[in-house]
Each structure stands twice: as C-alpha cells, then as structure tokens.
Amino acid sequence: MELRYPLLLIFGIVIIIGVTVFSSKKKEKYQSGTKIANTKYIKENPYFKKTIIKYKKILFTLKCLCIFSMIISILLISRPNKVNTQNSGEYNRDIVLCMDISSSVYELDQELVKHYKNTVKSLKGERFAISIFNTTSVTLSPLTDDYEYVLDILDKIDKGIYVTLNMTEATQSGYTSQETLYYSQYIEQGTIENYEERGSSIIGDGLASCIYNFSNLDEDRTRIIIFSTDNEDASKKPITTLEDAAALANKKGIIVFGIGTKEIDEEYEKAMRDAIEKNGGKYYSENSNSINEIVDNIEKTSKSLLENKIETKKIDTPELPFILLLISVSALIILNKKVNI
C-alpha cells in the first residue's frame, strides 16, 4: 500500500504524539474542588478498588481508541492507494465481419452469427467491426475491442433474422409487435436504399465497402475480412465487381476469408472462389468446420502488440482503514456509555 500524501500522515502523527504527551503530564493535586475528609476507609474498600481499576482501564482504552481513530482518519486523508499496472495494448490485427444480408442468405447468416460469437470470444486483443449489405452497405460497428458491444450487435442480427423468417413463431414465443418490428428493421434499415434503381445483393460493392471500414490503411497492421454471401448478384448498377473488390483488398494488404452457402450455385461458387483465392484469400463452403478453420487461419496470421500501451494507474484503497475507523468509533461509543454509567 502506498500513500498519495505521506507527509500529511507524518505531520499528523507528530501532532497527535505532541498533544498526547502534553495532556498526559501530571497536574498538581487538589488544583480545584473540595477535599473530603476520612476517605481512607472508602479507598481501602475492595469494591471501590475494583471499580477504580476498571474505570482506569476503560479510560486508558478510550484514550488509545481516540488516538487510533485520529491516526486512521489522517491515514484516510493521506489517501492510501495501490499501483495497478495494466497492459492495455491491443494486437495489430483488425477483423471485419462482412455479411450479405439479403433474404437468400438468411440461413447462412443465422448459422454464421452463432459461430461468430464464439470467434469473438476466442480471439482476444483484436479489433472487430461488423458490416452488413444488400443494395447498400451499413456499418453496425466500427473497429472496436469492446467485445460486449460486438456480441450485442451479433445477438441483434440473430434476432432480426429469426423474427423475419419466423414472424408468427416469434410472436408466439414472447416477442412483442414492437420487438419484432425493431429487430426486423435492424437488419433491413439502410441496406435496401434505392432498391428499384440499383437492384439487390450487390456483392462487389458490399466487399468494397468493408475494405474501407479499416482505419489508417497505410499503417502496418494485419487486416482480415470474413465475407459471407451466396454470390447471387442481382444488381442493376454496381459500382464495382467482386473480382475488382477482391483485387482492391489484396492491394490494400487485406486477407479475405470467403464463405459460400450450402446451396450456392456451382458457377457462382467458382467465380467467388477464383476471385478470392486469386488475390491471396481463402474460400470455404458452409459447414460446421468452416468457422473453426477460419479461426485457425486467423491465428496463423501475424500479430504483435502495439507499443507504449502499458498503463500504470493509482487506485485508492480506503476500504480497510475505513472499516478499522468504523470499528474504533463504535467501540468508543460503547465504552463511553459504560464510563458515563
């Protein structure tokens, strides 16, 4: 335990010692009051002697408790604390979960969200971001190491897909109409802007938008996108293609792990696999081991702690002195009552 103001404690103890010594000096007998004659018999009475001894003991204890309480009070004012050294560095590895949220991919997304929750829990120190897309892309979470926040968003995506696919069942299982509206809108709001003009499932734009979720692309960091889609592009006016977006990711030093649905068309799967793997990424078919394989591959990518992230904080620890002071004051009150009696 350390003190923020140790000199205050020393100064206070010196004053207490000085006051105690000064007050303990014997005063002249019979300085005031009236003398009583013939007290010898009373003083020699066993009961009187016993009572006086008890009184002196209680009085001595009261004085000690007063001194102790004053010392503890000064100790509290001196602010006892402990030094807490914490490594708050984060790994130089960023991961963006980039999800096609069109209705044809709902079942894949629902399965992936459950695995993503475990992924977030298993990879500590990284920063995560979540982006969903259909006609347009929406960032639900920027890069952050607040895992509780990321897990909360994944939970909302999971509920959004569930109530959208099972509206009646959701209502019967306890979801209110307001909740079903909220969760369904959570995954649809902003992702189908200009649907009539642009079409849906704009795969290339979705991946490209996720690329720019990474901050400071010129910094030396490991960047990964976990990209899930059925690659059924129903767009009318895409800004970029999947091939161009994958090439851009490679140019920016971003590794793309792509996951296709179980029922992905063979032609779409080949196009997605070629676009991703040609640019340094890895393609996976949807199965129970896909996410585990991705996690293993993520672990194999380089990572190192950012420098200068060790934080030293002083945390006040008044608990023990406060408890001692409370006990001391309580004892003072009890003993003082006995003396008064």
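Leaving aside its neighbours within four places in sequence, which residues is Asn-231 in contact with? Counting heavy atoms within 4.5 Å as contact, the answer is Ile-203, Leu-242, Ile-264, Tyr-268, Ala-271 and Met-272.

Before going on, a word on what you are looking at. This is a predicted model, in which local features need pLDDT of at least 70 and side-chain atom pairs count only at pLDDT 80 or more, while totals for chains, interfaces and linings use all residues. Residues are numbered from 1 along each chain as its sequence is written, and side-chain values use heavy atoms, with hydrogens and water left out.

**Around Asn-231**

Asn-231 sits in the loop between strands S7 and S8 (234-235); helices (H or I, at least four residues) and strands (E, at least two) are DSSP runs, numbered from the N terminus. Asn-231 counts as buried because its relative accessibility is 9%; buried means under 20% relative accessible area, exposed over 50% and partly exposed in between, with a 1.4 Å probe and protein chains only. Its side chain also reaches the backbone oxygen of Tyr-268 at 2.8 Å. That is a polar contact: a pair of N or O atoms within 3.5 Å, where within protein one must be able to donate a hydrogen and the other to accept it, and residues adjacent in sequence count only if both atoms are side-chain atoms.

**Strand S9 and its partners**

Six of the seven residues of S9 (residues 254-260) are buried. Two strands pair if DSSP finds at least two bridges between them. S9 pairs in the parallel sense with S7 (residues 222-229) over seven bridges, and Gly-260 in S9 is the bridge partner of Thr-229. S9 also runs parallel to S10 (residues 282-285), joined by four bridges, with Lys-282 of S10 as the bridge partner of Phe-257. Together with helix H11 (residues 266-277), S9 and S10 make a right-handed β-α-β unit; right-handed means that, with the strands pointing away from the viewer, the path from the first strand over the helix to the second runs clockwise.

**Nonpolar cores**

A nonpolar core is a set of buried Ala, Val, Leu, Ile, Met, Phe, Trp, Tyr and Cys residues joined through side-chain atoms within 4.5 Å. The largest one has 34 residues, and Tyr-116, Leu-154, Ile-157, Ile-226 and Ile-259 have the most contacts inside it. Helix H5 (residues 147-165) gives this core its largest share, seven residues. A second, separate core has 24 residues, among them Ile-203, Phe-214, Ile-264 and Ala-275.

**Aromatic pairs**

Seven aromatic pairs are found in the whole structure. Rings of Phe, Tyr and Trp (its six-membered ring) pair if their centres lie within 6.5 Å; planes under 30 degrees apart count as stacked, over 60 as edge-to-face and the rest as tilted. Here are two of them.

| Pair | Centre to centre | Angle between planes | Class |
|---|---|---|---|
| Tyr-182 and Tyr-183 | 5.1 Å | 70° | edge-to-face |
| Phe-257 and Tyr-284 | 6.2 Å | 55° | tilted |

The pair of Phe-257 in S9 and Tyr-284 in S10 links distant parts of the chain, 27 residues apart. Phe-257 is buried, with a relative accessible area of 4%, and Tyr-284 counts as buried at 4% relative accessibility. In the other pair, Tyr-182 is partly exposed at 40% relative accessible area, whereas Tyr-183 is buried at 13%. Tyr-182 and Tyr-183 also belong to one aromatic cluster with Tyr-162, Tyr-175 and Tyr-186.
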